[in-house]
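This briefing covers confidence, fold, one interface and the charged pairs of the structure shown below. Points are grouped by topic.

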Amino acid sequence: MVNWGDFAIVVVGAGIGIAAPLLIAALGEAFAERSGMMNLSIEGTMSLGAALAFIFGAITQNPWIGLLAGMLGGLVIGLMNVWMAQTLHLNQVVTGMSLYIFAYGLSVYLFRAITGHTSTFGLEVPRFKPIEIPALLQIPILGPTILNQNLLIYISIILVLILEVVMFKTTLGLKVRAVGENPSAADNVGINVYTVRYLCLMYGGAMAGLAGGYIALAEMGLFFEGMTAGRGWIAIAIVIFGAWSPIRILAGALIFGVIDSLALHIMVAAPQVPFQLLLTLPYVFSIAILVVAMKRAALPAALFKTYRREERQLG
Amino acid sequence: MQSIAIIVIIIIAALGLGAYSMMPPAGPGPTTTPTTTAAPAKKVALVMPGSITDHGWDQEPYEGLMKAKADFGLEVGYTEEVMVTGTPADYDRILRDYVSKGFGFVICHDFLCKDAVTAVAKDNPTVWFAYDGARFDPTIPNLIPYIPWGHEPAYIAGVFAALMSKTGTIGAYDGIPIHIEVACVEAFEMGAKAANPNINVLKNYIGVWHDPKKGHDLVVSMADAGADIVYGVGDGINVGGIQGAKEKGIWFVGGTGDQRSMEPDTVIVSVSWGLGPIIYTLAKLYAQDKLAGQSYEFTMHTYIDGQRVGPDFLPWTDAMADKVPQNVKDAVAKATADILSGAINVPLITVAPSS
Amino acid sequence: MAGVLHVDLTGQVRHYLGVTMSVAISVLLGFGLSSIFILAIRSNPLTAYYTLLEGAFGSPQNISETLIKAIPMILTGLAAAVAFKSNVNNIGEEGQLYMGAIATAVVALSIPVLPSIVFIPLLLCVSFLAGALWAGIPAFLKIRFGADEMLTTLLMNWIPFYIVSYLVSGPFQEKDKIRPQTDFLPDLARLPAFVAGYRVHWGLILAIVSCIVVYFFLWKTSLGFEFRATGANLPAARSMGIRVNRRMMQAMILSGGIAAFAGFCEVAGTVGSLKLGSSNLLGYGYAGILVALVTNLHPLGVILSGLFFGILIVGSESMQRGADVPIAMVYIIEAIMVMTIITSQILMRKLGFKWLTGETSQ
């Protein structure tokens with residue numbers, strides 16, 4: 001009775017939507033981590049990005065300005081993080097986590113202060129609707145589902161390709177990776193470790209803010225407290241799974257998105273399965289995939305040590 | 001370097017104090033009640049587990065409280081997000097805090113606070129307490145459990161959905177299967193099957209109430225499974241679910257309150273628990289010294305001062321009336337009348353049937 | 001002033017005084033910066049802070065509540081301290097806490113009632129095992145497969161939430177089958193009140209004793225030394241012959257067990273049953289990480305730090321009622337306070353306030 005092919009397509013189509021904000025945030029975090037800094041504030045930054053995107057999108061009635069506002073907010077949080085962790089040499093875990101709480105609190109604070117606690121449905125925000133490319137829509141089955149996505153998703157995919165090139169084929173990418181592998185050696189060679197890290201963290205923050213803006217403007221068209229619901233943390237997982245390589249991050253995000261979507265579709269199709277079990281599926285899978293990825297990937301194990309050495313070393 | 005820093009700090013402090021002194025006075029902070037010979041102003045407090053912007057469980061009572069404040073001149077206080085920033089263990093402290101601030105009626109709008117409310121109520125017999133309770137909860141003279149049973153309007157919604165559906169599949173979802181949620185979901189299915197025994201009803205629980213994206217994704221999944229009208233019983237998950245329904249071009253039956261105004265073209269009817277009127281009514285009774293130590297079960301048969309208060313089925317607005325076929329309108333009207341007259345007795349199911 | 005004191009005080013006391021002063025200044029600075037947000041919404045910061053202190057200390061009842069809030073945070077702080085100090089980034093305290101809570105409730109409600117003297121230690125052991133196991137899985141994955149523990153512990157935080165959700169709406173739901181909570185634990189399984197009439201319970205003693213025990217363990221035993229050496233300089237420790245992988249794994253397991261104690265305290269002490277309580281941002285597990293990092297991972301410092309966080313959270317939450325300050329300020333104040341405290345030492349040094357950092361002028 002079930003057409004598995006159709007089912008799969010539908011699951012994947014929905015999975016792309018789930019994956020998109022994860023991908024965007026992960027693409028930013030990848031650069032931060034490649035440069036040797038773990039940014040634990042993403043979850044809060046995403047919330048802040050969502051709030052700012054909604055607020056400014058509603059005020060200016062322009063979603064792009066909303067996204068920009070979200071990115072700026074995220075950039076500031078990233079800046080604070082790198083300042084505390086790099087310039088002041090504080091432990092990255094505490095700087096990241098305290099900024100996570102700060103950014104989240106700020107998102108709720110700003111949202112209430114600027115909109116009052118009224119329903120967001122009174123505020124109209126123009127959104128990013130799926131782009132209907134007639135030629136693509138004609139394609140049977142794939143058309144209305146997988147190939148019917150909004151502009152930001154297409155931009156993200158292009159971004160993945162751009163970043164892959166930047167990371168592995170440009171001087172900038174080389175510098176980032178050098179700083180992440182061995183900051184003292186990089187310093188000796190004349191690379192300004194501080195500048196590289198500042199840029200990477202600000203970029204990472206901006207992308208996290210963008211991811212939040214995406215959640216607010218591309219699908220929901222609203223801001224809801226706590227709407228990021230743990231996605232920032234998943235993004236961190238995806239970065240590590242993707243071994244900090246943008247293309248592999250895309251794969252990781254898609255896998256997570258598809259599994260999440262699959263869990264929901266199974267929940268609908270087979271309600272006798274305990275739903276809590278299905279809801280843990282994405283996390284269990286992430287751990288399993290992580291283990292597999294870590295095992296065989298050419299991960300420079302030095303990368304982990306880099307963080308810790310970093311906390312003690314660079315002066 | 002030091003001196004510069006000191007000067008900067010002094011300047012900031014001075015600016016801060018200056019700015020503060022120029023500020024208009026703050027909102028209703030801790031005011032000293034003027035001593036008069038009249039009875040002290042009646043103070044009502046509302047303690048909520050979630051956010052007052054959640055379009056549902058917490059926002060509706062908050063709005064009801066504010067309306068009561070305006071209508072009856074009550075002094076009010078509220079505490080929100082108890083379960084977001086804390087745990088059920090915090091209720092005890094919060095309730096006692098309100099008592100110490102002289103509040104005469106404290107409403108705790110969560111089902112997890114029963115033990116805290118009971119303990120504090122026992123310790124403070126002169127203060128009224130109300131909480132989201134359950135059938136057969138024992139009461140003490142100053143403790144009022146109230147329960148919004150939405151099963152009857154949910155039944156009507158089921159009738160509506162079954163007849164509106166063109167695909168023969170409809171859906172209902174909520175967060176976690178506990179009593180008032182289960183009652184609604186099951187009643188929805190019963191109503192649907194009564195109208196069309198062959199209807200396929202998808203029932204799902206997604207474990208959370210406040211994740212709009214998950215609600216959105218679930219509704220999308222239900223739509224993918226063929227449902228063309230979905231009933232959401234939650235707060236944040238409804239907010240997202242409505243967006244998902246809109247995306248997929250299917251109908252949405254609102255829950256918790258009146259969600260028709262959120263997306264008028266998508267949310268065609270709504271099942272309301274009447275939380276706003278419930279809290280409003282409790283506050284009103286307090287203002288009029290008519291509270292009694294009993295439990296209030298709110299159903300479609302609850303009348304207070306001659307008015308129906310509580311859960312209700314909110315039908316299509318005039319603007320959407322032409323989207324609803326006449327036979328559906330008739331069936332809904334009949335079901336409503338039958339329930340009100342007692343001809344139909346909607347069973348109250350509070351435990352999710354194991355499949 | 002500095003000149004006179006310098007003659008009398010030893011370097012050690014001077015150091016502690018300096019640190020205390022800088023923490024005090026940073027707390028004031030933290031309040032000052034938070035005031036900006038309070039002012040921006042036209043509320044009175046002085047009223048707000050008065051309410052904060054009143055809410056935390058204003059009455060014996062309030063002090064009891066502050067202590068109750070502090071208990072799990074001291075324990076999770078201790079858990080984090082043990083882990084981080086041994087080079088293990090355990091950010092799974094939240095999940096480990098939950099597993100301890102789950103184990104406590106499930107066992108207490110499943111076995112026949114025993115006398116307290118047996119019941120409570122049994123539940124303690126059971127909860128420790130649950131937390132240790134939950135931490136043991138990421139530890140194993142790290143040692144065996146190189147899976148970064150920061151990530152695995154984090155991902156595993158979500159799962160206990162769903163386990164609780166299943167238990168309290170299913171097999172372990174209360175007899176009445178109404179609320180998403182378990183029945184109340186038998187009285188003999190409950191931690192007795194510390195002071196009659198107040199809710200603060202013997203979990204407080206458990207927390208403090210645990211901190212002292214861990215302190216002695218880390219500083220006075222050779223095994224503890226190896227933990228610290230692994231954390232201080234991994235390559236050097238390895239070259240000294242310390243089996244660092246084994247130590248890290250042990251530290252993780254110990255950390256998980258201690259975090260589980262916090263869950264035990266919540267279920268057997270504060271609440272009395274296992275309820276559905278969303279794991280949230282200010283969840284004790286995540287807060288514990290901050291508690292530990294603010295005191296530089298010192299097991300005894302964690303006691304003060306946990307108390308401080310208890311004061312901060314209880315107090316700022318009560319600002320909603322006493323000072324017309326929105327709930328979002330709870331997050332902002334906590335975050336700002338952490339940030340000012342951790343940056344204060346460094347900033348003081350950079351600005352030249354050397355005497356505040358307790359450094360001698362050499």
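Buried means under 20% relative accessible area. By that cut-off A:Glu225 is buried, and A:Arg112 is buried too. The two side chains form a salt bridge, at 2.8 Å from N to O. The model is predicted.

**Confidence in chain B**
- Chain B has an average pLDDT of 85. In this chain, 88% of the residues score at least 70.
- The pLDDT is below 50 over residues 22-38 of chain B. Beyond near neighbours in sequence, that stretch has 15 contacts in the model.

**Fold of chain A**
- Chain A has 13 helices and zero strands.
- Along the sequence its pattern reads α-α-α-α-α-α-α-α-α-α-α-α-α.
- Chain A has 315 residues, and 62% of them count as buried.
- Among contacts in chain A with a separation of 6 or more, 77% join residues 24 or more positions apart.

**Interface of chain A and chain C**
- Chain A contributes 45 residues to the contact, and chain C contributes 48 residues.
- About 4300 Å² is buried between chain A and chain C. Carbon and sulfur atoms give 82% of that area.
- Three residue pairs are in polar contact between chain A and chain C, with both residues at pLDDT 80 or more.
- On the side of chain A that touches chain C, the elements giving two or more residues are helix H3 (63-87), helix H4 (92-115), helix H10 (231-241), helix H12 (275-296) and helix H13 (302-312) of chain A.
- H4(A) gives the most to that side, with 15 residues.
- The residues on that side of chain A divide into 32 nonpolar, nine polar and four charged.

- Side chains of opposite charge can pair when their charged atoms come close.
- Over all chains, the rule counts 32 salt bridges.
- A:Glu225 sits in the loop between helix H9 (193-220) and H10 of chain A, while A:Arg112 sits in helix H4 of chain A, so their pair ties together parts 113 residues apart in sequence.
- B:Arg93 and B:Asp90 meet through their side chains in a salt bridge, at 3.3 Å from N to O. They are separated by about one helical turn, because they lie three residues apart in helix H4 (residues 90-100) of chain B.
- B:Arg93 counts as buried, because its relative accessibility is 7%. B:Asp90 is buried as well, with a relative accessible area of 7%.
- C:Arg247 and C:Glu226 form a salt bridge between their side chains, at 2.4 Å from N to O. C:Arg247 is in helix H12 (residues 244-271) of chain C and C:Glu226 in helix H10 (residues 222-232) of chain C. This pair, 21 residues apart, links distant parts of the chain.
- C:Arg247 is buried, at a relative accessible area of 10%, whereas C:Glu226 is partly exposed, at 21%.
- A network of salt bridges links B:Asp90, B:Arg93, B:Asp97, B:Lys101, C:Lys69, C:Glu317 and C:Arg321.

**A buried loop residue in chain C**
- C:Ser86 lies in the loop between helix H4 (60-85) and helix H5 (93-110) of chain C.
- C:Ser86 has a relative accessible area of 1%, so it is buried.
- Leaving out residues up to four places away in sequence, C:Ser86 touches C:Phe227, C:Thr230, C:Gly231, C:Met248 and C:Ala251.

How values were computed. Residues are numbered from 1 along each chain as its sequence is written. Chains are lettered from A and ligands numbered from 1 in the order in which they are written. Side-chain values use heavy atoms; hydrogens and water are left out. pLDDT is the predictor's confidence in each residue, from 0 to 100. Contact means heavy atoms within 4.5 Å. Buried area is the accessible area (1.4 Å probe) that two parts lose on being put together, summed over both. A polar contact is a pair of N or O atoms within 3.5 Å; within protein, one must be able to donate a hydrogen and the other to accept it, and residues adjacent in sequence count only if both atoms are side-chain atoms. Helices (H or I, at least four residues) and strands (E, at least two) are DSSP runs, numbered from the N terminus. Ala, Val, Leu, Ile, Met, Phe, Trp, Tyr, Cys and Pro count as nonpolar, Asp, Glu, Lys and Arg as charged, and the others, Gly among them, as polar. Buried means under 20% relative accessible area, exposed over 50%, partly exposed in between (1.4 Å probe, protein chains only). A salt bridge is a side-chain nitrogen of Lys or Arg within 4 Å of a carboxyl oxygen of Asp or Glu.
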